[in-house]
Amino acid sequence: MWLIVHSWLALPLWVLIFFVCLTGTIATVSQELVWLAKPEVRANRPAPDAVPLGYDAVLAAVEQAEPGIAVNSIARPVKSIFALDVFVTYPDGRTRSLYVNPYTGAIQGVGGVFDFRYFMRALHGWLLVPFVGATSWGWYLVSALSIPMLGSLVTGLLVYKKFWRGYLNPRLRLRNGARIFWGDFHRLAGIWSVPFIAIMAVTAGWFLIQQILADNSITVSTAGVPPVVAREDIPAGSGAKAPWISLDRAGELVREKFPDLSPDFVSLPGNAFSHIVVGGRGAYPLIFETANVNPYNGKVEWTRRVSDRSALELVTESMRPLHTGDFAGLWLKLVYFVFGLLLTMMVFSGMMIWLKRTAQATAKLVRDVRAERAAPSVGRAREAAE
């Protein structure tokens, strides 16, 4: 009886794992779903031979369309089908993300503070549980699921003898009943998802460790103190509006020094002592690299490249892109989506197998209890008859 009670108490864990896998799968392609639903986020090419504008042209177009606005940064998404993300601050202090056409510079729409993409990521990542400071128990709960996920992967491979045969001779019996079907599907989906499950379990486990470290004010970063522009480089009496080099020129200077770094985004100085920050992906696509350019003389004064990071930082900073699959392009997102669906269905099939076995065991227990209670009554009836 206690074994059956124990089995039923596992139902909430099954449901939670299924929910997290399902929302994570949707979150993987949430940006693409927004692209399908909202035309303003698309990079509509006005003509077949149109070429993307430079950063200076985009900046000028936005400032002309919205006088008084302060542009904070301009980012080119990994996938060229998306409009530029231009982060701005309005005169009243509001910050927003503008969807800007990369070919015309036209503002196509304004991004919400909490759109569908961020909603799905929050629902998957911390179950929308509010943060108290930098901590949410929802984050702990979701990331802690990496432990049973990794344990299930290891024990599943141990239980499934000679699992490699499933790669050579996959078996999915469709006409032998629901139990046989779900059992075959669970094993087949499991072995084909081994690399994906391992990536999800390890990266989610790091998120748990990362949160524990953050809550205890422990960091592994070697970045040091943020750099600032030297006072003597700032033109006297010019303040924050001193003339800067152009954004395109800043990108060119970075490319001249680091030919492998793609200038995927540029951040404008927020004050007279701030640099122009040019960043993007280099030879190692999992980590963004940045270069700080002096806005007055064009010198590349500080870099944060892969070679500047410690071995531990290389591992830890690779966790998030490996978990989300958003570092290569649409094709990788689709691969993650397919394997996410497979993992979700594998959890569902495991839940179906477990439910069927537990329900059968419960029904057998009820029958046994009824039989035991009926036995003395039958005995007394026979004695009375005799």
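My entries follow, starting with the ground rules.

**Ground rules.** I'm working on a predicted model, where local features need pLDDT of at least 70, side-chain atom pairs count only at pLDDT 80 or more, and totals for chains, interfaces and linings use all residues. Residues are numbered from 1 along each chain as its sequence is written, and side-chain values use heavy atoms, with hydrogens and water left out.

**Entry 1: threonine 23.** I found threonine 23 in helix α2, residues 11-28. Helices here are DSSP runs of H or I with at least four residues, strands are runs of E with at least two, and both are numbered from the N terminus. Is threonine 23 buried or exposed? Its relative accessible area is 4%, so I put it down as buried (under 20% is buried, over 50% exposed, in between partly exposed, with a 1.4 Å probe and protein chains only).

Next I checked what its side chain does. The side chain of threonine 23 reaches the backbone oxygen of phenylalanine 19 at 2.9 Å, and it makes a polar contact of 3.5 Å with the side chain of histidine 124. A polar contact means a pair of N or O atoms within 3.5 Å; within protein, one must be able to donate a hydrogen and the other to accept it, and residues adjacent in sequence count only if both atoms are side-chain atoms. Setting aside neighbours within four places in sequence, threonine 23 is in contact (heavy atoms within 4.5 Å) with Met120, Leu123 and His124.

**Entry 2: arginine 304.** This one lies in strand β8, residues 300-304. Arginine 304 counts as buried because its relative accessibility is 9%. Which side chain does arginine 304 join in a polar contact of 2.7 Å? I got glutamate 313. The side chain of arginine 304 also reaches the backbone oxygen of aspartate 308 at 3.3 Å. Residues up to four places away not counted, arginine 304 touches a list of residues including Ser221, Phe288, Glu313 and Glu317.

Entry 3: I count two strands as paired if DSSP finds at least two bridges between them. β1 (residues 70-75) and β2 (residues 84-89) run antiparallel over five bridges, with alanine 70 partnered by threonine 89. β2 pairs antiparallel with β3 (residues 95-100) over six bridges, and phenylalanine 87 stands opposite serine 97. Five residues sit between β2 and β3 in their hairpin, where glycine 93 in the turn has a positive phi of about 100 degrees.

β3 then pairs antiparallel with β4 (residues 107-111) over four bridges, with leucine 98 opposite valine 110. That hairpin has six residues between its strands, and glycine 105 in the turn has a positive phi of about 80 degrees.

**Entry 4: cavities.** How many cavities of 30 Å³ or more does a search of the whole structure find? One. The largest cavity has a volume of about 110 Å³. On a 1 Å grid over the protein atoms alone, a cavity is a set of points where a 1.4 Å probe fits but cannot get out, and lining residues have an atom within 4 Å of a point. Among the lining residues I noted Gln31, Val34, Phe82, Asp85, Tyr99 and Arg117.

Note on methods
On a 1 Å grid over the protein atoms alone, a cavity is a set of points where a 1.4 Å probe fits but cannot get out, and a pocket is an open set with protein on both sides within 12 Å along at least five of seven lines; lining residues have an atom within 4 Å of a point. Grid points are joined across faces, edges and corners, and a volume is the space filled by probe spheres set on the points.
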